[in-house]
Amino acid sequence: MAPTPRLNPGDTAPDFTLDDADGKPVTLSGLRGQKVIVYVYPAAMTPGCTTQACDFRDSLQSLAAAGYTVLGVSPDSPAKLAKFVAKEGLTFPLLSDPDKSMLQAWGAYGEKQSYGRTVTGVIRSTFVVDEEGRIEIAQYAVKASGHVARLRRELGV
């Protein structure tokens with residue numbers, strides 16, 4: 001599989017409309033005028049993804065106070081996302097990309113290293129989109145633990 005092109009600061013964020021855990025569509029361009037953190041994770045209810053989601057949950061108040069909206073995206077079904085939201089008390093939208101079209105457009109799906117092997121899958125990534133819909137920060141292959149704290153330091157939040 002050819003690597004998907006990666007986004008860089010200054011690029012226009014590819015628009016998407018994805019269903020949230022309740023099956024309601026969320027469109028990125030509908031959030032223009034807000035700063036949006038879009039984080040991509042491989043699978044709900046796995047240890048690393050739970051750590052990352054809970055870190056965003058626990059940081060949401062300070063991120064929101066600084067004007068950031070947080071969206072999590074994975075290939076999971078809305079039903080699985082709803083279970084994850086309920087189990088972990090998540091207070092921000094999780095979006096479902098079952099055909100991985102958004103993940104591919106954002107360069108967050110493709111070859112990656114997993115336990116020393118090359119596999120094809122979701123690349124844990126975080127993006128900050130500015131009020132005009134441009135990529136401000138694009139981070140690929142981030143670690144699940146400690147990532148949100150580093151991001152907050154970068155954003156001065």
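Accessible areas here come from the Shrake-Rupley method with a 1.4 Å probe. By that method, the surface of this predicted model comes to about 7300 Å². Carbon and sulfur atoms account for 51% of that surface.

Now turn to the fold. The protein has 4 helices and 9 strands. Along its principal axes, the C-alpha trace spans about 40 × 35 × 30 Å.

Next, look inside. Of the 157 residues, 46% count as buried. Contacts also reach along the sequence. Take those between residues at least 6 apart: 63% of them join residues at least 24 apart.

Charge comes next. The protein carries 17 positive and 17 negative charges.

One residue deserves a visit. UniProt, in an unreviewed entry, places the feature "active site" at Cys49. Where is Cys49 found? Cys49 sits in helix α1, which covers residues 47-65. Is Cys49 buried or exposed? Its relative accessibility is 1%. Buried means under 20%, so Cys49 counts as buried. Which residues does Cys49 touch, leaving aside those up to four places away in sequence? They are Tyr41, Pro42, Ala43, Phe84 and Arg124.

Terms used
Residues numbered from 1 in each chain as written. Predicted model: local features only at pLDDT ≥ 70, side-chain atom pairs only at ≥ 80, totals over all residues. Heavy atoms only, no water. Helix = DSSP H or I, 4+ residues; strand = E, 2+ residues; numbered from the N terminus. Buried < 20%, exposed > 50% of the residue type's maximum accessible area, 1.4 Å probe, protein only. Contact = heavy atoms within 4.5 Å. Lys, Arg positive; Asp, Glu negative; His and termini not counted. Charge placed at Lys NZ, Arg CZ, Asp CG, Glu CD. UniProt positions renumbered as here; feature names shortened; annotations may be inferred.
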